[in-house]
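Visitor: Before any discussion begins, may I ask that the sequence and the structure be displayed?

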Amino acid sequence: MTETFYEVLRRQGISRRSFLKFCSLTATSLGLGSAAAPKIAHALETKPRTPVLWLHGLECTCCSESFIRSAHPLAKDVVLSMLSLDYDDTLMAAAGYQAEAILDDIKKRYKGNYIVAVEGNPPLNEDGMFCIHGGRPFVDVLKETCADAKAIISWGSCASWGCVQAAKPNPTRATPVHKVITDKPIIKVPGCPPIAEVMTAVVTYMLTFDKIPELDRQGRPKMFYGQRIHDKCYRRPHFDAGQYVEEWDDEGARKGYCLYKMGCKGPTTYNACSTTRWNNGVSFPIQSGHGCIGCSEDGFWDKGSFYDRVTDIKQFGIESNADKIGGTAAAVTGAAVAAHAAVTALARAKKKTGIDIPGGEK
Amino acid sequence: MLAQQDALEAEQQARLVKAVYVYEAPVRLWHWVNALCITLLAITGYLIANPLPSMPGDASQHFVMGTIRVIHFSSAYIFAVGFIGRIYWAAVGNHHARQIFILPIRSRQWWGEIFHELKWYLFLVKEPKKYVGHNPLAQLAMFLFFTIGAVYMICTGFALYGEGLGAESWAGHMFGWVITAVGGNSQQVHSLHHMGLWVTLIFVMIHIYAAIREDIMSRQSMISTMISGWRMFKD
Ligand code: HEM
Ligand code: HEM
Ligand code: SF4
């Protein structure tokens with residue numbers, strides 16, 4: 001009854017040659033070396049296909065848009081034929097009841113053995129009425145669909161952290177997936193959107209090796225989120241040298257200096273942009289002359305201006321940064337110390353302290 | 001320490017010379033090395049957040065930010081190792097060496113003395129008391145701002161440092177949790193670490209002022225005590 005991946009791919013018209021190419025490509029993109037390619041091929045030939053259900057909550061579909069632009073046409077074809085077979089309401093042909101029936105069907109037939117990929121997140125306020133999926137609150141659909149899943153992929157910053165719809169004051173109480181589904185392994189693939197190649201590689205890894213990639217403390221695959229943009233940025237030599245863009249369109253900007261002073265969030269952002277880049281590896285924000293805005297980081301909308309290095313701290317209820325608060329406090333302290341010293345000197349002059357310092361101490 | 005006990009100690013040991021050996025050599029050495037480290041950390045830390053004007057010419061000719069960061073990280077290591085050494089000395093040194101780590105918070109007299117010191121700084125009392133070790137107010141301030149502050153700066157600092165070394169590094173393993181604890185975005189850790197700069201600066205301003213003022217105004221030596229180790233009483 002259950003087909004292998006290979007059978008499905010052949011049925012979709014993918015040649016064996018393309019299939020093998022895809023296997024070596026995947027091995028390389030996962031950093032596994034050429035020896036892994038036959039293993040991947042073998043796995044895909046023998047393993048029964050793991051279905052992937054792709055759900056959409058509160059989101060803008062930028063993750064899907066990114067995904068279908070996966071740089072390598074081969075990877076795109078193969079991965080898409082693996083995925084679109086099941087359920088993805090923006091990509092599949094079926095609609096309405098027919099489409100929703102697929103969810104139930106997969107849930108029953110592949111109990112405990114399918115993967116749910118979630119794009120966007122469920123809003124919880126008003127019983128979840130801010131996002132309706134097939135006539136029901138998305139949060140209910142999400143919980144139901146995930147109940148028998150093997151693992152869950154949180155696509156993008158929405159599913160991973162909450163993103164813009166969860167930015168303060170978060171009127172709909174948009175909530176990241178891991179706070180709603182707490183009993184399943186969750187792989188976070190943050191970014192707004194995540195890089196296409198990263199998305200396809202994560203899915204392929206999970207499908208071929210039948211296990212989840214190694215995750216960091218926050219649940220992101222280490223192989224793509226193990227380093228910051230800043231660690232691999234090609235402008236880093238300018239950072240270390242002390243050469244910065246001081247204002248837009250200045251000499252430094254033309255020379256491609258580091259964007260640190262323009263508020264680049266590369267030093268605090270974990271993602272693969274500076275290595276993988278975007279749009280077939282053409283460029284990435286910093287290469288185009290704009291600092292990183294940290295879109296794959298938790299709460300990046302609420303962490304002050306994209307253009308400040310020392311960002312505003314909103315916890316204090318006022319919009320002020322560490323230097324302004326600290327500088328003021330230090331200035332007040334300095335004034336207080338000076339005043340105290342002056343009073344002390346006066347008091348001493350008047351001998352008001354009553355300390356009679358003997359001329360000759362012993 | 002408690003004024004009474006201190007007075008007793010002073011009386012016993014110093015009836016004639018009017019001097020007591022308070023700060024042993026390791027404490028003194030640590031104090032000045034620590035002060036130097038913090039000064040360097042504060043200056044370089046400020047420059048990491050607010051870099052100097054850009055350098056002209058080829059990138060390979062300069063290493064300005066690189067140097068600033070190297071100084072920050074080297075002083076940070078010395079600061080942290082020194083702090084661990086200071087904790088060790090609190091265990092094996094004399095009882096004054098424990099003052100900045102353990103507060104006698106259950107002693108009513110100690111709180112009374114803090115109050116007395118406050119009044120002394122508000123010009124409400126004319127005679128300061130004598131203390132062999134730190135005066136209780138200074139002890140409280142050192143504990144709150146320095147001891148807690150140092151742990152805080154070491155935790156946030158090495159968490160940031162671990163990001164550069166990589167999550168698999170010793171710093172990543174030991175301090176990476178700090179980033180997760182404040183919400184997972186290291187930008188927050190930068191802001192918190194940065195706030196620490198100003199807290200430290202305020203402590204140092206008051207500390208140095210108080211040290212100089214007490215040296216002049218109180219009935220005992222101060223700055224020379226941190227150099228020679230001996231507390232001299234003036235009356
Ligand atoms: C009293 C002690 C310290 C002070 C006053 C201090 C101050 C600062 C300041 C103001 C910054 C800039 C923060 C920002 O990005 O806005 C900074 C960055 C940093 N500090 Fe410290 N720091 C201290 C101790 C430490 C320690 C113990 C470490 C441990 C290694 C450390 C490691 C770092 C690191 C890794 C950065 C980030 C550098 C970068 O982003 O390139 N600091 N420090
Ligand atoms: C970054 C600067 C400094 C820091 C962080 C600092 C910190 C400390 C700490 C933690 C202690 C307690 C020592 C212990 O019990 O182990 C102390 C004591 C002391 N410090 Fe500093 N210090 C700094 C600079 C200075 C300077 C510049 C002076 C001199 C003007 C000074 C004078 C003293 C004196 C006199 C004591 C002993 C106070 C007493 O006898 O009760 N310190 N300092
Ligand atoms: S441009 Fe941004 S990421 Fe690149 S070196 Fe400068 S601060 Fe780091």
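Visitor: In this predicted model, what is the distance from an oxygen atom of ligand 2 to an N or O atom in the side chain of Arg86(B)?

Guide: A polar contact requires a pair of N or O atoms within 3.5 Å. The side chain of Arg86(B) supplies an N or O atom to such a pair, and ligand 2 supplies an oxygen atom. The distance between them is 2.6 Å.

Visitor: Which element gives the most residues to the shell around ligand 2?

Guide: The elements of chain B that give two or more residues to this shell are α2 (25–49), α5 (136–165), α8 (186–217) and α9 (223–228). Of the 23 residues around ligand 2, those that come nearest include His31(B) and His134(B). With seven residues, the element that gives the most is α2(B).

Visitor: How many helices and strands are there in chain B?

Guide: Along the sequence, chain B reads α-β-α-α-α-α-α-α-α-α-β. Its C-alpha atoms fill a box of roughly 65 × 40 × 35 Å along the principal axes. The counts for chain B are nine helices and two strands.

Visitor: What percentage of the residues in chain B is buried?

Guide: A residue is buried when its relative accessible area is under 20%. Chain B has 235 residues, and its accessible surface comes to about 11500 Å². The buried share of the residues is 51%.

Notes:
Residues numbered from 1 in each chain as written. Chains lettered and ligands numbered in written order. Predicted model: local features only at pLDDT ≥ 70, side-chain atom pairs only at ≥ 80, totals over all residues. Heavy atoms only, no water. Helix = DSSP H or I, 4+ residues; strand = E, 2+ residues; numbered from the N terminus. Buried < 20%, exposed > 50% of the residue type's maximum accessible area, 1.4 Å probe, protein only. Areas by Shrake-Rupley, 256 points an atom, 1.4 Å probe, with all protein chains shown as cover. Near = heavy atom within 4 Å. Polar contact = N/O pair within 3.5 Å; in protein donor to acceptor, adjacent residues only side chain to side chain.
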